[in-house]
Amino acid sequence: MSSSPLSKKRRVSETETKTGSHCSSSNSVRTDLSHTPANGMAKNGNDAEIDEGLYSRQLYVLGHEAMKRMQNSNVLISGMRGLGVEIAKNVILGGVRSVTVHDQGLAEWRDLSSQFYIREEDLGKNRAEVSQPRLAELNNYVPVTAYTGALTDDYLTKFQVVVLTNSPLDEQKHVGDFCHSKSIKLIIADTRGLLGQLFCDFGEEMTVYDTNGEQPLSAMISMITKDNPGVVTCLDEARHGFESGDYVTFTEIQGMTDLNGCQPVEIKVLGPYTFSICDTTGFKDYVRGGIVSQVKMPKKISFKSFSSSMAAPEFIMTDFAKFERPPQLHVGFQAFHAFQQKHSRLPVPWSQSDGEELLSLAKEFNSAQTESAKVEQLDEALIKKMSYVAAGDLSPVNALVGGVAAQEVMKACTGKFMPIMQWLYFDALECLSEEEGFMLTEQECAPINCRYDGQIAVFGTKLQELLAKQRYFLVGAGAIGCELLKNFAMIGLGSGDGEVIVTDMDTIEKSNLNRQFLFRPSDVTKMKSDTAAAAVKQMNPSIRITGHQNRVGPETERVYDDDFFESLDGVANALDNVDARMYMDRRCVYYRKPLLESGTLGTKGNVQVVIPFLTESYSSSQDPPEKSIPICTLKNFPNAIEHTLQWARDEFEGLFKQPPENGMQYLTDPKFMERTLKLPGAQPMEVLEAVYKCLVTDCPHSWAECVSWARNHWQCQYSNNIRQLLHNFPPDQLTSSGAPFWSGPKRCPHPLEFSTSNDLHMDYVIAAANLFAQMYGLPRNTDRAGVVKILQDVKIPPFTPRSGVKIHVSDQELQNSNSSVADDSKLEELKKKLPSNDTSQFKLVPIEFEKDDDSNFHMDFIVAASNLRAENYDIPPADRHKSKLIAGKIIPAIATTTAAVVGLVCLELYKIVQGHKKLESFKNGFMNLALPFFAFSEPIAAPKHKYYEIDWTLWDRFEVKGLQDNGEEMTLRQFLDYFKTVHKLEITMLSQGVSMLYSFFMPAAKLKERLDLPMTEIVTKVSKKKLGKHVTALVFELCCNDLSDEDVEVPYVRYTIR
């Protein structure tokens, strides 16, 4: 779910950051940012332009307006332990105006279990001062200051947003009341071992501009009644998707024009295609057409201050299975404050006496409550458990709460998305042992002055030893990969005899730096996996980590072979596409290894845990396929910018990629012609015509010829083809039923007239001519005036629409015509015309589309081509930013979601390493930080199947040894007999991959030939592929009948050959 495979780009030089050289006397340290950084990043401020190259993926989540508001916010984050540094990291990556990190405490051993910017040599130094230079490197646009003084009222007024972590109750109350009175937005966040707490107060009147972050919906109208209220019916192509209470406006209505451009109207949904609006009785009669569009209306919300909200709290539910928990945790956290005030420390890990004392303090607090904070019945076992783990400091919990808290900071700055109203509690106590009444001893969890003290406090030393021995395979080192590696380093995964192997074949590019926080500007063009591995080695030098640059797939199975997988304890996916996820899922099922799967899409994130013999696998359930745009809509009847952008992408491939690819294959591959002639329908003709044009008629020898080609192509696409379409279907054409042809989703186009004074026309010609030149190895040219001069001499042949040209109105019609066969005599003629296979005179370069390089003309061409076509059809154009999102199929992404999702993944890792066996202990999670919404569910159990009395799931298989005791391999006959005698199953069909090895309906001669051959020989014969030396076993799929001749479903076969 994170973004698509990334390009390889030029190096960007690193910013020099000078740390601490400008210390002022006010206990502050800050990075000098008075110079303009070498990579062209400049300071934030009111007039700052947003760096789209850096913030591109986040801009698609927040939008330009919200980003501009964020760039005016100064944020204070107090407390630089693990939670504080996590929040600071995410907020700095997000791009606020400035961040000040505050702490008066000194680094100690227990901080190292989650504070990834403190190292062992920093122990005894101020946490804020140590963290500041490392945080400042994350984003050169955001100045980061360290402050070690007191949080006076006067000091707090400098900030628009204040975040308190690791803060005593008195301070929370004082700062809370002061911020509320001064309209400074406040967030209080805390973690205690496996528990998390978050509180928001954004003032008595806050405006939320967009509550959910979803794209506004629109639909085409088929009818509007004159009524009170008027009823709008939409075309039944798709459901409108609106909800009652939404606001909408109208455009392009014929007849009832009173509604066009009206003020937003509130609607009431009546059905999937209908809704009611205002009184329409006084309007003109509706004739046809129209588009209804949703309008996002600002919403005013009000918050209570910390003190008044504490007594009457409102909770956001994080886990519906723990419905009773938030009020209990609210009391428990207040008891922690009372305990700390009394003893100046937290309860001793797993101390029963401290547990009892915390319980009595909780009872005291509870009985003193007069409002809704009072709990009827305290869950005593829960409060004691809270006491046992309270002194812990866990990286995964900080990642989750820190990701969510940082998103709240962004909401406070921007008014984008719905804030938490007002308390959120989280616990992951199911990470502790599954045994009933399980207790660790104080001794097992006592601090031993090591970097894992904060984790040992919760889980004891035994789990720490287990974690150190783990051998894990991480697939992907992008956003999720970086966050996973940080957590792996902090929890000590693979820090002893174990190892973490990370593979990613991509290099780092600028747009990654906004959320892949292990990378810096100087790392651009380096390999992700090596850079990420080196970065986490700095965080925890004892982690054993190896970086690979391999893509996972059948082609690397000699690297990731049986020995490799069998040595693993588990796999974590950090992938950006479904195919690779499904491949890794199949490997994990085959080798029976646990798999941690996660993904993000903007503010949405999900986590799935796959446990051998317990849960279903990732591939067991799938999303429905994405809807594709009908070909005829793309070719002739677009009605939305998505259609013109997809058309422009197809143009790009059809002009600059496929012809040169086919041309070079024709010149270099002797079998190309044979293959092409075997293609169905008119395809051989189309391919050869394209090759002929590419090598003969269109082949340019100068820049002027490239410009001439581009201008002629413009004429063809935006004038001639449209005129032909209107010749076939004139604007006033009626269908056989008498309705207008150009209505509903069919928009009537008009041809364009070329003009050198129209920027869009010139953009198109310059981009197309440069791409065309690049294809033939000619130099690029951006001289606009020179192009205008060339264009004056370009002759455009006159065009008259022809009769008898067939234009397909539906995809069904198109399919029926495609079955026609090409004219053989024309094909022969074309074959004769093609040049000889002499490669010396041609050097064709196919162009691979790359969206993130602004100097390569790719997006210039897409934007111009799409917007010209949009102009043909009167579709509102899209700017470059939106065009890039749609045409580049970019997945919106933001650091906050990634951090939070990975926190949940690593909580599941704790359970896997401890060997949890109960399905209900594990949790699949889904979140949408925009709403905010959280949902957890236990994983779905692996579905059970049965043959005879034997139950089996996807984790089971038949194990068959191919090599017999006499050293000879089993033949097909012996294999069939083995199943008959041992398993009482008659095999009716047997396959390996896509190769059919045996079937009951096979011709007798073929069967006779195969029966006495060894199995591997049949496989190589049928698949026409040799078995590699790394292959130690084959997978066979079976169809079987039981003794009563009934068809039964059975597991697959693992057939061992070495």
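How closely do the axes of α20 and helix α21 approach, and at what angle do they cross? The views below take that up, along with a few other spots. The model is predicted: local features need pLDDT of at least 70, side-chain atom pairs count only at pLDDT 80 or more, and totals for chains, interfaces and linings use all residues. Residues are numbered from 1 along each chain as its sequence is written, and side-chain values use heavy atoms, with hydrogens and water left out.

**View 1. Helices α20 and α21 cross.** The two axes come within 8 Å and cross at roughly 125°; axes here are lines fitted to C-alpha atoms, for helices over the stretch in contact, with angles running from 0 to 180 degrees between N-to-C directions. That makes α20 oblique to α21 (under 35 degrees is roughly parallel, over 145 roughly antiparallel, 65 to 115 roughly perpendicular, and the rest oblique). On the α20 side, the residues in contact include Trp703, Trp709 and Trp714, while α21 brings in, among others, Tyr764 and Phe772. Contact means heavy atoms within 4.5 Å. Helices (H or I, at least four residues) and strands (E, at least two) are DSSP runs, numbered from the N terminus.

**View 2. Helix α21 meets α22.** Here α21 (residues 759–775) packs against helix α22 (residues 784–792) at about 90°, with the axes 11 Å apart. That makes the pair roughly perpendicular. Asp759, Met762, Asp763, Val765 and Ile766 of α21 touch Arg784, Val787, Val788 and Leu791 of α22.

**View 3. Asparagine 720 in helix α20.** Back on α20 (residues 703–728), look for asparagine 720. It counts as buried at 11% relative accessibility (buried means under 20% relative accessible area, exposed over 50%, partly exposed in between, with a 1.4 Å probe and protein chains only). Skipping neighbours within four places in sequence, asparagine 720 is in contact with Gln715 and Phe799.

**View 4. Cysteine 632, annotated as an active site.** The "active site" label at Cys632 comes from an unreviewed UniProt entry; UniProt positions are given in the numbering used here, feature names are shortened, and annotations may be inferred rather than shown by experiment. Cysteine 632 is found in helix α16 (residues 631–635) and is buried, with a relative accessible area of 4%. Beyond its neighbours within four places in sequence, cysteine 632 is in contact with Phe637, His808, Val809, Ser810, Asp811 and Leu814.

**View 5. Histidine 330 in helix α7.** Helix α7 spans residues 325–343 and holds histidine 330, which counts as buried at 0% relative accessibility. Leaving out neighbours within four places in sequence, its contacts are Met310, Pro313, Phe315, Ala373, Trp423 and Tyr425.

**View 6. A seven-stranded open sheet.** Follow the antiparallel order β12-β11-β15-β9-β10-β14-β13. The edges are β12 (265–266) and β13 (268–269), each with a single partner strand, so one side of each has no neighbour in the sheet. Strands pair if DSSP finds at least two bridges between them, and β11 (residues 247–251) and β12 have two. Valine 248 has valine 265 in β12 as its bridge partner.

View 7. Serine 56 lies in helix α1 (residues 52–70) and counts as buried at 3% relative accessibility. Aspartate 852 is 796 residues away from serine 56 in sequence, yet the two are 9.2 Å apart in space, C-alpha to C-alpha.
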